Amino acid sequence: MASNGNGGESFIHPMDQFVVGPIFGGHITPLSVTNSTIWMAISVLAICALTILGTRGRALVPSRVQSIAELLYGFVRQTLHEVAGDEGLKYFPYIFTLFTFILFCNMLGMLPYSFTPTSHIAVTGVMALAVFVSVTVIAFRKHGTHFLMFFWPMEAPGWLRPVLCVIELISYFVRPVSHSVRLGANMLAGHAVLKVFAGLFAMMIAGGLGALAILPLAGMIGLTALEFLVAFIQAYVFMILTCVYLNDALHMH
Amino acid sequence: MEAEAAALLGKYIGAGLACLAMAGAGIGVGHVAGNFLAGALRNPAAAKEQTATLFIGMAFAEALGIFGLVVAMLLLFAV
């Protein structure tokens, strides 16, 4: 696990940070505590602390913590309302949970020596599948079998409809794939690039190119800032695509 | 042994070629952002409401580039 074999004395492998392992030793079982589950639990605790402690005072002039919690709430609510309308607000708790969980996982993953659960397709895939299934169930409960007309575009000329139907079907079922891979791969690629630059810096220092090592260091500082931006934007994109899918289910185009 | 070396070579060349997806994703995301900026400078009042659409467009453009990364990953670690 430590090196990729052909280097021998190569520094830390950039993919090492994504290895899931049990924290308290022993074999990995479905119930064992791993670094992934620990960081997910920390994210959930942080969200609970922010929202519960933040709204405990219910001050008219909010304290700093309260205004952060209110900002977060208002931001998600406004986005959902803009995209999915009044009917979408019924599903606000789900969207808020998804957004805050992904945001906190991404952001806490930026801490040194931490772990980013959202960089694993297994985690994001489950979330995307849950969105896909629940949105489809919502659509069928609201429209019944009429929802199947979603795949049969009436505004197109008759001979084109079967072709478009196939395309619509494929694009509908590809949704959970792209939804999960986008988040997972973004976090994976960003953290791997950070590690590559860190390894380059360490190798340059060890190789006696001390003055030149400033280049990867500067690159790493810039990339870290970019990664904070990406951490937020990917959580936002995940949420807004969920809202778009919800809107499709509720209003059918 | 020869065949194994050839397979390894193909794997690495394929993973490298998959990085060409970045070019397409770069063009796509640049198009989205550039056109958004062009429109936003013409009508700045309407720009703020369209930022959500901007991010949706960027996400779709970027997703196809990320599929390139997935192909590279599969070639390197799964095939």
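Start by selecting residues 13-75 of chain B: the span is 90% helix and 0% strand, yet its end C-alpha atoms sit 10 Å apart. Helices here are DSSP runs of H or I with at least four residues, strands are E runs of at least two, and both are numbered from the N terminus. UniProt, in an unreviewed entry, lists those residues as "domain: V-ATPase proteolipid subunit C-like"; its positions follow the numbering used here, feature names are shortened, and annotations may be inferred rather than shown by experiment.

Some housekeeping: residues count from 1 along each chain as its sequence is written, while chains are lettered from A and ligands numbered from 1 in the order written. This is a predicted model, so local features need pLDDT of at least 70 and side-chain atom pairs count only at pLDDT 80 or more, whereas totals for chains, interfaces and linings use all residues.

Now widen the selection to the whole of chain B. You'll find four helices and zero strands, in the order α-α-α-α. Its radius of gyration is 19 Å, well over the 12 Å that the globule rule gives for 79 residues, so chain B is more spread out than a compact globule. (That radius is taken over C-alpha atoms, and the rule is 2.2 Å times the number of residues to the power 0.38.) The C-alpha atoms fill a box of roughly 65 × 15 × 10 Å along the principal axes. Buried residues, those with 20 or more other C-beta atoms within 10 Å of their own C-beta, placed from the backbone, make up 13% of the chain.

Next, show the side of chain A that touches chain B. Here 15 residues of chain A are in contact with ten of chain B, contact meaning C-beta atoms, placed from the backbone, within 7 Å. Helix 2 (64-88), helix 5 (161-206) and helix 6 (214-251) of chain A each supply at least two residues of that side.

Last stop: helix 4 of chain A, residues 121-143. At 1.5 Å a residue, its 23 residues should span 33 Å, and the end C-alpha atoms are 32 Å apart, which agrees; the expected span is 1.5 Å times one less than the number of residues. Which residues of helix 4 of chain A are buried? Pick out Val123(A), Thr124(A), Met127(A), Ala128(A), Val131(A), Val135(A) and Ala139(A). Their cover includes helix 3 (92-108), helix 5 and helix 6 of chain A. Just after helix 4, click Gly144(A), which takes a positive phi of about 65°.

Terms used: Contact = placed C-beta atoms within 7 Å. Buried ≥ 20, exposed ≤ 12 C-beta atoms within 10 Å, placed from the backbone.
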